[in-house]
Amino acid sequence: MSEMTGELDGGQVGFFEENGYLTVPRITTVEELEGLRQIYDEIFTRRIGHDEDLYFDLAGSRDEEGKEVLPQMLAPEHKYPQLRGSVYWSNAMRIAEQLLGRSREELVITSDMILKPARYGRETPWHQDEAYWDPQYDFEGISIWMPLEDASVESGCMQFVAGSHRVRDVAWHRHIDDDPLVHGLMTDDVQPDNAVAYPLPAGGASIHHCRILHYAGPNLTDTPRRAYIFRALYQTRKRDVPAQRPWLDEEYEALARRAEER
Ligand code: NI
């Protein structure tokens, strides 16, 4: 990719189609990274969106107060609309249009932030992103994952099983700790021996397909691992029969019970 144009060359597009992921060394500017870190830290210090269930611990029970091991905020662009005007956003948008072969008007766009706190940030277990999505539809989609500081294997950079996006369907998933009040999902249907880890510099990005198996280790370092993720997707078809994803109902029902008890 030429420097930060958001334009991929044919070799990169081919690599993505074959492997289900791609990395780019730079997707935003140094100056912008500094501004993004400020927004990011404000969100996680003040737990912005907690009241609306936009902010929660991805790997911890919603019933547990205390140390958050993998806090996440969904759709921060609603509270911080300037994110949509960032260099990162516009480069990510162009990459998404190119890889998905759709114009931005045809894509559902959102973003989220996942923090792996220094020393105790928990692993993000193996999963496919589509396991979280509406089982009535099939999707095409990508996530563009940008760390705000250098990401290493020890701090929890992304890991992929190359080519694992070329499957007929989403694997069986369950909630982390088998607790439906934990939003995070995991699958046991993976051979991590085939995984490859991708350390990245701050402001670089890894791009992955919504069906690829991916993972990020715990943060064993003294530095937080802040990641900002852009997502673009579209529905390819309505299924004749909805996919079996009971983990989605389990969470929905657990949340409803919890709301009733309060
Ligand atoms: Ni994911």
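How many bridges join strand 6 to strand 11? In this predicted model, strand 6 and strand 11 (residues 205–209) are joined by four bridges and run antiparallel. Within this pairing, Trp 145 stands opposite Ser 206 of strand 11. The two strands belong to an open sheet of seven strands, ordered 1-11-6-13-4-3-2, with antiparallel pairing. Strand 1 (21–24) and strand 2 (55–57) are the edge strands, each pairing on one side only. From one strand to the next, the twist averages 20°.

Two helices pack on the sheet. Helix 1 (residues 10–19) touches strand 1, strand 6 and strand 11, and its direction makes about 140° with that of strand 1. Helix 3 (residues 87–100) touches strand 4 (108–116), strand 6, strand 11 and strand 13 (225–238); the angle between the direction of helix 3 and that of strand 13 is about 35°.

A nickel ion is coordinated by NE2 of His 127, OD of Asp 129 and NE2 of His 214, at 2.0 to 2.1 Å. The spacing of these donor residues in sequence is H-x1-D-x84-H. Asp 129 is placed in the loop between strand 5 (124–127) and strand 6 (137–147), and His 214 in strand 12 (residues 214–216); the pair therefore ties together parts that are 85 residues apart in sequence. Asp 129 and His 214 are both buried.

The number of aromatic pairs comes to 12. In one of them, the ring centres of Phe 44 and Tyr 55 are 5.7 Å apart and the planes lie at 55°, so the pair is classed as tilted. Phe 44 is in helix 2 (residues 30–46) and Tyr 55 in strand 2, and this pair links distant parts of the chain, 11 residues apart. Both residues, Phe 44 and Tyr 55, are buried. The rings of Trp 126 and Tyr 215 have centres 5.2 Å apart and planes at 20°, so this pair is stacked. Because Trp 126 lies in strand 5 and Tyr 215 in strand 12, the pair ties together parts that are 89 residues apart in sequence. Trp 126 and Tyr 215 are buried. Ring pairs also link Phe 15, Tyr 21, Phe 160 and Tyr 198 into a cluster.

Charged side chains also lie over aromatic rings. The charged end of Arg 62 sits over the ring of Phe 56, at 5.0 Å from the ring centre. Lys 67 lies over the face of Tyr 120, 4.2 Å from the centre of that ring.

Note on methods:
Residues are numbered from 1 along each chain as its sequence is written. This is a predicted model: local features need pLDDT of at least 70, side-chain atom pairs count only at pLDDT 80 or more; totals for chains, interfaces and linings use all residues. Side-chain values use heavy atoms; hydrogens and water are left out. Donors are N, O and S atoms within 2.8 Å of the metal (3.2 Å for Na, K and Ca); water is not among the atoms, so sites may look incomplete. Buried means under 20% relative accessible area, exposed over 50%, partly exposed in between (1.4 Å probe, protein chains only). Two strands pair if DSSP finds at least two bridges between them. Axes are lines fitted to C-alpha atoms, for helices over the stretch in contact, and angles run from 0 to 180 degrees between N-to-C directions. Contact means heavy atoms within 4.5 Å. Rings of Phe, Tyr and Trp (its six-membered ring) pair if their centres lie within 6.5 Å; planes under 30 degrees apart count as stacked, over 60 as edge-to-face and the rest as tilted. A charge sits over a ring if NZ of Lys or CZ of Arg is within 6 Å of the ring centre and within 35 degrees of the ring normal.
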